[in-house]
Amino acid sequence: MGKTTGFLEFERKIEAYDPAEERVKHYKEFTVPLKEPELKDQGARCMDCGIPFCHSGCPLGNLIPDFNDAVYRGKWEKAAEILHSTNNFPEFTGRLCPAPCEEACVLGINEDPVTIENIEKNIVEKAFDKGWVKAVPPTNRTTKKVAVIGSGPAGLATAQQLNRAGHSVTVFERDEKPGGLLRYGIPDFKMEKNVIDRRLAVLEEEGIVFKCGVHVGVDIKADALKADFDAVVLCGGATVRRNLPIEGADLKGVVQAMDFLPQNNRRVAGVTDFEIELIAKDKDVVVIGGGDTGSDCIGTSIRHGANSVSNFEIMPMATTERPEGQPWPYWPMRLRTSSSHKEGAERFFSISTKKFVGDADGNLKGLVTSEVEWIKQPGKRPLLQEVPGTEKEWKCELALLALGFTGSEMTVAEQLGLEADNRTNIKATEKNYATNVPGVFVAGDQRRGQSLIVWAISEGRQAAHHVDAYLMGKSYLPLKGEGDLPRV
């Protein structure tokens, strides 16, 4: 795979960013693509490692050494066929996936791993540029109809796979446009929305029907939908936000990240009529939560023109190196610094927010924190303990809660009588993605809980196989690691 001595000759090189002082003036993507010879060199770094552990790191089972080798040899159309055979939407994962494949790369044991994610992004971008990505409607249609609820990555992958099997697929989305968190949760500076729209155009040309502005369970009762379709697949995602139940949490200015980010995405798209404007301009902003959503809030607040942006994380600062207890090829909990962090935010670790402070009119004006430490306990979870004498008050007019999700909305599940776990994830196993109600399936975050985009696409593909088998008795759709027939 690649050049035999490539990993010895070429160093890892990834896309550069436009300068921070320039990119914060707009919401467009700001990466500077590598030139084609540089990308070939990066593909050449893929070792003939015998056992490609990158496969184990990738929930989709992408054929990574194969497309790396094709890029090295300049066979870009072949690379696009290989990539699309296991991944319906590499333009999404190539921008947004944290790349667990790279953490599992054999070269990464003692060197910098292969730039798998960036190679993936460049393959699909060239495929779109060259016109290789074409709609491939099924040659024959079955008589079966399938409803997919939710148009995030899990729903879109489910829909495309079932449509390829010849079924008539309708996707229901409660928002005004398809895409789920891809459209309303991911800032445009990480992925511009024309990236979603061009793929949706392909899906519609293939015959998938999208019905937006339809809240299943409210606008259409779930049992009525089940009666109209031969199978229903729930891909609604994990949408129940985690709150911070402390004093002052109801003050004006304490805002959920997933209210703040979707509003800004709509604003960028030209929407202006908001009941309450969530703007960070000229405010001291505190983002509570250290994950990707928190990072997105930081970048958005800086683009608004915030006076200051601070990021609080209750966990201690991780190391930049792989921790001892998380050996290769497992995913390590290392310190990750995003482009947004580098745009002007100050990060604080091992810090807990104790209460929000408001003025006489109920507006947020500050918050109180204390430092914390995590005490290790043999055989038990670490104990969180406040450090005495570390209480501090901070000026803050906008606090953004980026604390993750605790499960999915249960309206549909309750109407259908579906079983759920104590985190309101709908019960179904990877064996067949079937719920306790015949003909109803579930995939993505609504089944597994809050997770990665690459897992959502993978679950959508796997669920589609089992839905097809339920409808037809057997399925020729691929399972994990099995490629479709070559197509882009």
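Mentor: Buried means under 20% relative accessible area, exposed over 50%, and partly exposed in between, with a 1.4 Å probe and protein chains only. By that scale, Asp282 is exposed, at 58% relative accessibility. This is a predicted model, in which local features need pLDDT of at least 70, side-chain atom pairs count only at pLDDT 80 or more, and totals for chains, interfaces and linings use all residues. Residues are numbered from 1 along each chain as its sequence is written, and side-chain values use heavy atoms, with hydrogens and water left out.

Asp282 has a positive phi, near 65°, and is not a glycine. Asp282 sits in the loop between α14 (257-268) and β9 (284-288); helices (H or I, at least four residues) and strands (E, at least two) are DSSP runs numbered from the N terminus. Ala99, also a residue other than glycine, has a positive phi near 60°. Ala99 belongs to the loop between α7 (90-96) and α8 (100-103) and is buried, with a relative accessible area of 5%.

The peptide bond between Trp328 and Pro329 is cis, with omega about 5°. Pro329 is in the loop between β10 (308-313) and β11 (346-349). For background, most residues other than glycine have a negative phi, and most peptide bonds are trans.
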